[in-house]
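Please open the model in your viewer and keep the selection panel at hand. The stops below follow one another as a series of selections.

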Amino acid sequence: MRNKGTESHPASWDLPASEAGFQKENLPAVRQSLPLKHLQPIRFGPEFCRKPAEASGREWIITNGIGGYASSTVVGMNTRRYHGLLVAATEPPLGRVVLLSAVDEMVVVSSGRTELSTHRYGNVIHPEGYRFLAEFRLDPSPTFFYRVGDILLEKTVFLLPGENAVVIGYTLREGSSAIELAVRPLIAMRDFRWVSEENANFNTRIEEKEGELTLRPYPSLPPLVIHHTAELVEKSPCWYKNFEYVSEREGPNRVFEDLWSPGQLLYLMRVGESCAFVASTGRRGGVDLTFHQRRLQNTQAVLARTITPPQGPLSARLAWTADNFLVHLPRTGSHEKRPPVRLKRSRPSHAPLDAFLLAGFPWATVWGRDALVALPGLTLSTGRFDAARDLLETFISKIKWGLLPVRLAEEDGSPEYDSADTSLWFFWAVWHYWNATKDLRFITRKLLGPMQDIMESYLEGTAYGIGMDEDGLIQLSDEELPMTWMDAREPNLRGDAPGKAVTPRFGKPIEINALWYCALNIMAEIGQRAGLRRAGTCIQMARLVEKSFTRAFIGPGGIVYDRVTKTGKDASLRPNMLIAASLPFSPFSRDSLSWVLEMTERELLTPFGPRTLTPRHPEYRGYFAGEVKTRAQAYHQGTVWPWLMGPYVSAVIKARRLTPATQKRIRKQLEPFLTHLQEGALGSVSELFDGDPPHVPQGAVSQAWSVGEILRAIREAKLVDL
C-alpha cells in the first residue's frame, strides 16, 4: 500500500509513492543531521500523561511567523478559549480567530475501536484518550505517541511558515495488522477571545472536491479549507456541546463552548505508512515532501535564523522559543536595498520587512514596551540581527507626537500611545543594537532623526501630559492614566470609562526619569559618533537631570524613593529602583547602587525574579488569583515578574563586576528556570509568578520579555553552558 499520495490533487499535500514508508529507524539519523544537540526534547512518559489533571496543565505553543499559532496541552485537551490547532491571523499579525479547535481521533481494528482524544464536558472527561498516551514529546514540534495493544501511532502537529495552515500528520510505527484511523475536525470559527455557541447563522454547507473540503460558516471570516488524503469522507455534520475550558474559571464563572464538525476523514494504514491533512484559510499548489521532511525543513529554517545558537540547555531552548514571538511581513512598496549588518558570520541582508513582536501567549497582542525590552534578548543574544533592525525600523514608522505605540489593537492593528516609557525604552534597545552590531550607518540614516523627535517632544511636552519640568525631570501630569509598565486598572463594571489605576504613577516616577537620563546619554554618545551638532546639548541636559535626580530620589540614609509628587515622596519598596540602577547609563552613585541591590535581595528577590512590592507593605498581595478585580489589584502589588531578572543581573554585574563568584551567584539565581521550562507553556517562561511561595506561575503562559531578558542576562553574565 502506498504512502497516501495525492498526485491527482495538486491543491493538496503531495506525498509521492517514491517517498513512502518514512521508517522509524530513519528518525535518529535525521535528527543527527541537524545542529540540535543543545536543544533537548521535552518529554513526558505514560505515568505523567495518564494523569489528566496534571498533564492538562502543561501547554505547548507553535507559531507560523505571521501572528497565527497552534496551542493545546500535553494530552490534547483544550483548557482555554485561546487554544486551537489553527488560530489564524486574519490581519497579520493580529485579527486572530480560532478556526480548527481540535480533532477527535479513533483507531479501528478487527477487535474493536479505541478513541484517542481527550475533552472535558462539565465535570466529565470524555473520551479518555489520555489512557493510551504513551509519550508526549516537544521535539521541537508537539508529537504524541499512542499505544493501543500492539499498535503504536505517532501524531505530529506543525504550522507552515508564513501561512495560516496547520499540518496534522500520523504514522503507524508498530502493529500486527492494518488499522482504520477516523479523524473528525472540530470547528469553532470565532474571535480567539470569545466562545462559540450553536446558532442558526452558522452555515453548515460543505463544499467538496476530490481531496478537499471547504467550510464557510460566516461571511465575515475566512473559509476553512481542509486538504486531505483520506480514502473516504464520511459526512455526518453535528454540533458537539459544552466543552469546558477549566483554565478559564474565574471565581464562580465557567466557560463552555459548542463546536461543529462536518464529519470524519477515514484513512487505512499499515505499519510504516503515513497520512496527513492540512487545515488552512486556503492555499495554492502542492508540497512535494512528506510531512516528516517538511517538519524537519521548518526546523532548519528556524535554526538558520540564529547565527550564534546558545549552547546551554536553558539558553538553547529559550533561543528556539524566541522565534515564536517574532513576526515578519513583506513591506509593501519597498524596493530599497539595505547594507548588510557587518558582523563575523553574518548572512547577506534581506529585503526590508515589517517586523512585529508579539508580547506573549495566549492572549497578548503587539505591546510596544514589552517588544523593546525583549528585543535585545530575543534577537541580538541569538544572532537575529536583521530581525532587530527590522523591528527598530518598524517602530519608528509608527511614531506620533514623539511617542511610540504602547500597543496595537487586536481588531485592526491601530496604534495606542498612552505610555511615558515606551519611547525611552527605544533608546535602550538602540544602544544594545549598537553594541552588538556597530551598525552606525543604519542608526544614523534611519533612527537618529526619530530619536531627536522623541527628545524634542519630551523637552517641550507632548500628549497625555508627558513633559520635562523646570528641574529637567520628566513629569506625568495625568493622574488617571497609568502610563508606566505598572499599568493595571480595576475593571469598571459600568463600562462607561476606564477603571481606576491600581498603582498610581503620576508625578515623577523613578524609572521614567532614569530612562530619560539614559536616553540623553545614549543620544550624546551616538550623536557624537554621527557628527550630530546637538550632542553637546544632550550632555549638558544629562548633567542637569543627574543632579535633579539625586535631589529628588535619594533621601536620608541613602533611601531611594519610588515616586515624587507635588504632595510628597513615595518610599514604597518596588523594583523600579532596580530598573533605574541597571541601565547602561544610570544616575545612581555607587553607594545608591549598593543600597538598591541590598534592599532588592533582602525584600524583593525570589527564585523567579523580584517582587513588585515588598511583603512588608500593607497593600502587598502575595497571590494572583480570583476574579478579574482581585487579580488586577495584585498585578503589580507583590507578584513576581521574571523579566526583572534582566535588570537584576545587569545591576549585579555593574556593582560587583563579572567575577567567578558573581557568575556563580547569577547561575544559582537563573537555574530554577530550567525546571520551569516543563511548567506552564513548555520551553517558555510565564508572565509572572505569585509573590508568596511556592511561587506558582501565573498570567500569560509564555511572555516575550520574560524570555528575552533571561536570554540577555545569560549572555551578559557569559554563562555559555547554562
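How many disulfides does the count come to by the distance rule? The count comes to zero disulfides, a disulfide being a pair of cysteine sulfur atoms within 2.5 Å. This is a predicted model, in which local features need pLDDT of at least 70 and side-chain atom pairs count only at pLDDT 80 or more, while totals for chains, interfaces and linings use all residues. Residues are numbered from 1 along each chain as its sequence is written, and side-chain values use heavy atoms, with hydrogens and water left out.

Staying with the cysteines, select Cys518, which counts as buried because its relative accessibility is 2%, and then Cys538, which counts as buried at 10%; buried means under 20% relative accessible area, exposed over 50% and partly exposed in between, with a 1.4 Å probe and protein chains only.

Next, select strand S5 (residues 94-109) and strand S6 (residues 112-115), which run antiparallel and are joined by four bridges. Strands (E, at least two residues) and helices (H or I, at least four) are DSSP runs numbered from the N terminus, and two strands pair if DSSP finds at least two bridges between them. A hairpin joins S5 to S6 through two residues, and Met106 has Glu115 in S6 as its bridge partner.

Move on to His228 in strand S16 (residues 224-228). His228 counts as buried at 5% relative accessibility, and its side chain reaches the backbone nitrogen of Ala230 at 3.1 Å.

Now select helix H6 (residues 368-380) together with helix H8 (residues 422-437), whose axes come within 8 Å and cross at roughly 10°. Axes are lines fitted to C-alpha atoms, for helices over the stretch in contact, and angles run from 0 to 180 degrees between N-to-C directions. H6 and H8 are therefore roughly parallel to each other, a term for angles under 35 degrees.

For the last stop, select the three strands that form an open antiparallel sheet in the order S27-S28-S29. The edge strands, S27 (508-509) and S29 (568-570), each pair on one side only. S27 and strand S28 (residues 563-565) pair in the antiparallel sense over two bridges, and Lys508 stands opposite Val564 in S28.

Definitions and conventions: A polar contact is a pair of N or O atoms within 3.5 Å; within protein, one must be able to donate a hydrogen and the other to accept it, and residues adjacent in sequence count only if both atoms are side-chain atoms. Angles under 35 degrees count as roughly parallel, over 145 as roughly antiparallel, 65 to 115 as roughly perpendicular and the rest as oblique.
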